[in-house]
Amino acid sequence: MAHPIPGAQPRVRFDIPEEPGIAVDSTLPGASEPATAASMFRHPIYLGFMGTVGVGIALFLSYILANTQSLVLWIVTALFIALGLDPVVRWLEKRKVPRPLGIVLVLLALLAVVAIFFATLIPTIISQTTQLATNAPIWIKDFLNSDLFKQVDGQYHVLDTVNEQVAKFFQDAQAVGGIFGGVLGVGSTIANGLFGTLIVLVLSLYFLASLPSLKAWGYRLAPRSRRARVEELSEEITRGVGNYVIGQVCVAVLNATFAFILMSILGVPFSVLLAFVVALLAFIPLVGGMIAAIVVIAVSLTAGWQTALIYAICYFAYLQFEAYFISPRIMQKAVAVPGAVAVISVIAGGSLLGVLGALIAIPTAAAVMLLVKEVYIARQDKN
């Protein structure tokens with residue numbers, strides 16, 4: 001038996017207290033029923049004081065949320081990632097792999113994927129982005145020299161109007177100063193983005209490691225008589241969210257792979273960069289694939305309208321195949337939301353939280369629908 005180091009103290013742990021096993025005697029003075037609404041109205045001073053305190057707490061929480069929006073977004077993103085990786089960790093646990101070791105393996109695999117991505121794709125993306133920036137003025141010049149533009153410019157004097165507006169813009173000192181302020185703002189945004197990415201990764205690791213204890217603490221907040229039902233619903237929601245994240249990753253990878261192969265066959269320029277854009281947009285439910293198709297078709301027009309037409313036909317055919325065959329098989333264990341609810345939730349989530357809101361909109365809508373079905377409707381059916 002190892003002897004402790006002299007003077008060392010055991011590490012303090014914030015453990016869950018043991019559940020009480022002794023029933024409360026209803027005859028004791030403190031075991032009476034909680035105060036009813038009628039008894040509260042008999043004490044108007046107490047009622048007014050508690051109402052004022054409640055309003056003050058609500059205003060204080062609103063002030064905190066308004067000034068810590070970035071932190072809230074980081075926490076939500078990290079929790080979303082942790083719920084997405086948790087099914088993989090639980091799958092390893094079923095194969096007799098301890099949870100700490102499973103978390104380490106998942107983390108190493110994730111870091112390996114990120115390292116491979118940065119080592120292989122980033123240089124190509126930077127090179128193709130540079131080529132795109134270099135060729136853009138040539139494309140604009142060719143367009144300005146085309147017969148179509150000369151015909152339109154001869155009727156509406158488009159070029160003279162553009163030159164006039166540009167001259168007015170550069171004569172405005174406030175507008176020119178806004179350009180330099182925007183450049184500095186871009187640098188600040190990039191720095192904040194890198195810092196936020198680091199915070200999200202660290203929080204994701206902590207959430208993934210402590211997810212069982214966090215769930216246990218959350219279940220203890222529910223009344224003991226309803227704790228089993230709360231645990232059942234919570235497990236179903238978290239399992240559905242995790243399966244949705246993994247399924248969406250698989251769908252995005254397949255979508256980007258098909259787009260890259262098709263672009264390589266047709267000779268569409270900047271295929272690697274566009275495949276990366278397609279993968280990112282594929283994470284946005286419902287509208288992501290359509291936006292990706294528009295972006296790629298616009299670029300493929302530089303290789304000829306025939307190329308753009310063939311790509312559009314093949315890619316939209318793949319989207320139909322994905323919607324009816326691939327997504328139902330991958331998402332069969334994930335959340336299921338009606339189409340109208342999915343569209344409304346994606347629009348609302350995107351309006352509130354941007355891309356992150358669009359990503360978590362469908363799992364959130366599924367969780368709300370599950371709670372309404374299992375709690376409210378079940379209660380209404382008993383009455």
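Q: What does contact mean when one reads this structure?

A: Contact means heavy atoms within 4.5 Å. The model is a predicted one, in which local features need pLDDT of at least 70 and side-chain atom pairs count only at pLDDT 80 or more, while totals for chains, interfaces and linings use all residues. Residues are numbered from 1 along each chain as its sequence is written, and side-chain values use heavy atoms, with hydrogens and water left out. With residues up to four places away in sequence not counted, M263 touches V268, S271, L274, A275, V296 and Y311.

Q: How many helices and strands are there in the protein?

A: Helices (H or I, at least four residues) and strands (E, at least two) are DSSP runs, numbered from the N terminus. The protein has 13 helices and 0 strands.

Q: How are two packed helices described?

A: Two packed helices are described by the angle between their axes and the distance between the axes. Axes are lines fitted to C-alpha atoms, for helices over the stretch in contact, and angles run from 0 to 180 degrees between N-to-C directions. Here, helix α8 (residues 227–266) packs with helix α9 (residues 271–282) at an angle of about 155 degrees, and their axes are 8 Å apart. Angles under 35 degrees count as roughly parallel, over 145 as roughly antiparallel, 65 to 115 as roughly perpendicular and the rest as oblique. The helices α8 and α9 are therefore roughly antiparallel to each other.

Q: Which residues in α8 and α9 meet?

A: Among them are A252, N255, A259 and M263 in α8, and L274, A275, V278 and A282 in α9. The residues of this contact divide into 11 nonpolar, 4 polar and no charged. In this count Ala, Val, Leu, Ile, Met, Phe, Trp, Tyr, Cys and Pro are nonpolar, Asp, Glu, Lys and Arg are charged, and the others, Gly among them, are polar.

Q: Is N255 buried or exposed?

A: Buried means under 20% relative accessible area, exposed over 50%, and partly exposed in between (1.4 Å probe, protein chains only). N255 is buried, with a relative accessible area of 2%. Leaving aside neighbours within four places in sequence, N255 is in contact with residues including V278, Y315 and E322.

Q: Which residues have the most contacts inside the largest nonpolar core?

A: A nonpolar core is a set of buried Ala, Val, Leu, Ile, Met, Phe, Trp, Tyr and Cys residues joined through side-chain atoms within 4.5 Å. The largest one has 35 residues, and M263, Y311 and Y315 have the most contacts inside it. Helix α11 gives the most to this core, with 7 residues.
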